[in-house]
Amino acid sequence: MVQLDKVARSNAATVLIQGETGSGKELMARYLHAQSARGAGAFIDLNCSAIPEQLLESQLFGHEKGAFTDAKHFRKGLFDLADQGTLFLDEIGEMPPPLQSKLLRVLETRGFRRVGGHADIWVDVRIIAATHRDLKRQVADGRFREDLYFRLNVVPIMMPPLRERRDDVATLAEHFIARFCGEMGRPQARLHPEALRALTGYAWPGNVRELRNVIERVLLLEADDEILPQHLPPELGGAAGPGAGSGAALGPTGDPFPAGVVRPLLEVEQMAIAHALTVCDGNKTRAAQQLGISRQTLRTKLKELRMDEAESTPEAAAED
């Protein structure tokens, strides 16, 4: 933590955060921003893999009116909006090569031009980038500029997966409980010691993102003033879903198949589907792909298992 505080205080140094998908790279970026002298400024985030290449440049640098067909109005870019603050570029490994060279210029000169513009604009922005890719390999393969890699990698931070830092589970769980209770306008919920034990013993294949989704779902659908073990999803030892009343509780480590327990096939299927939906942020199309079934088959099974209402969220509906 002492070293992270030093990184936060180095307000100009670029940071490259690497780690598995969902391992908490954005949380780390927000922490570094909040602990820095830029904490009062804007924290602007952009997922480089979520924006089509033709729009990404306009998102980053803005555009002048008439710069292209749909540019009916002048628009500031994210570098403008992040001036005196931090710009977090997630999935930097997906940035197209032409934009890599333009980003390198901004890092070196602190200046850029809007799309369709002719004047240089100067900004004071700290860049924090993140990726789950092996950028060294992408450099070797010619898919990422070597000079940009070295310019971004001034301060490297490796985020281990959550399964390798079990001591962080309690802190993260409490953080998400406070966050979602605040967003839902409900009193602060407590975490029962046995529920925490189950959370800590679970392997978290979906990393911090999966933990966040579990806490949000439990607070939304199950828990009142205290999160109990039975409120957790089946794969963590909860009693929700088919077979809840069978007495086949999970072991204290969250093992879905504890010694001496045989689960009904229907319950195993429900556990697999619930886990896939959690890992995939409720996106049924991606969950079906991960499960090796068609989207229609997944929809049918959700109805058969009476999971269709419980698994539908605004985010999932948008992604479907």
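Glu64 and Arg114 form a salt bridge in which the closest N and O atoms are 3.8 Å apart. This pair links distant parts of the chain, since Glu64 is in the loop between strand S3 (62-63) and strand S4 (75-76), while Arg114 is in the loop between strand S6 (111-112) and S7, 50 residues apart. The two partners are described here from a predicted model. Glu64, at 28% relative accessibility, counts as partly exposed, whereas Arg114, at 14%, counts as buried, because the limit for that word is under 20%.

## Other salt bridges

A search of the whole structure finds 17 salt bridges. In one of them the side chains of Arg38 and Asp124 meet, with 2.7 Å from N to O. Arg38 lies in the loop between helix H2 (25-34) and strand S2 (43-47), and Asp124 lies in the loop between strand S7 (121-122) and strand S8 (126-131), so this pair ties together parts that are 86 residues apart in sequence. Arg38 counts as buried at 8% relative accessibility, and Asp124 is partly exposed, with a relative accessible area of 32%.

Asp141 and Arg143 also form a salt bridge, and their closest N and O atoms are 3.3 Å apart. Asp141 is partly exposed, with a relative accessible area of 48%, and Arg143 is likewise partly exposed, with a value of 47%.

## The protein as a whole

The protein contains 14 helices and 11 strands, and buried residues make up 44% of its 320 residues. When contacts with a separation of 6 or more are considered, residues 24 or more positions apart account for 69% of them. The protein exposes about 16100 Å², of which carbon and sulfur atoms supply 52%.

A search of the whole structure finds 7 aromatic pairs. One of these is formed by Tyr202 and Trp204, whose rings are edge-to-face, with 4.6 Å centre to centre and 85° between the planes; the term applies because the angle is over 60 degrees. Both residues of this pair, Tyr202 and Trp204, are buried. Elsewhere, Phe61, Phe79 and Phe112 form one aromatic cluster.

Trp204 is placed in the loop between helix H9 (193-201) and H10, and its relative accessible area is 0%, so Trp204 is buried. Most residues other than glycine have a negative phi. Trp204, however, has a positive phi, near 50°. Asn207 also has a positive phi, near 60°, although Asn207 is placed in helix H10. Asn207 is buried, with a relative accessible area of 0%.

Met184, Leu220 and Leu221 make a nonpolar surface patch of about 270 Å². Leu220 is in helix H10, and Leu221 is also in helix H10, which covers residues 207-221. Leu220 and Met184 are 36 residues apart along the chain, and their C-alpha atoms are separated by 8.2 Å.

Helix H11 (residues 265-279) has 15 residues, which at 1.5 Å a residue should span 21 Å, and its end C-alpha atoms are 21 Å apart, which agrees. The buried residues of H11 are Glu267, Gln270, Met271, Ile273, Ala274, Ala276, Leu277 and Thr278. An α-helix has 3.6 residues a turn, so residues three or four places apart point the same way. The buried residues of H11 pack against H10, helix H12 (284-291) and helix H13 (295-304). H11 is followed by Asp281, which has a positive phi, near 55°.

Methods: Residues are numbered from 1 along each chain as its sequence is written. This is a predicted model: local features need pLDDT of at least 70, side-chain atom pairs count only at pLDDT 80 or more; totals for chains, interfaces and linings use all residues. Side-chain values use heavy atoms; hydrogens and water are left out. Rings of Phe, Tyr and Trp (its six-membered ring) pair if their centres lie within 6.5 Å; planes under 30 degrees apart count as stacked, over 60 as edge-to-face and the rest as tilted. Buried means under 20% relative accessible area, exposed over 50%, partly exposed in between (1.4 Å probe, protein chains only). Patches are made of residues with over 30% relative accessible area and no salt bridge: like charges are joined within 9 Å, nonpolar side chains (Val, Leu, Ile, Met, Phe, Trp, Tyr) within 5 Å. Accessible areas come from the Shrake-Rupley method with a 1.4 Å probe; for residues, only the protein chains shown count as cover. A salt bridge is a side-chain nitrogen of Lys or Arg within 4 Å of a carboxyl oxygen of Asp or Glu. Helices (H or I, at least four residues) and strands (E, at least two) are DSSP runs, numbered from the N terminus. The expected span of a helix is 1.5 Å times one less than its number of residues. Contact means heavy atoms within 4.5 Å.
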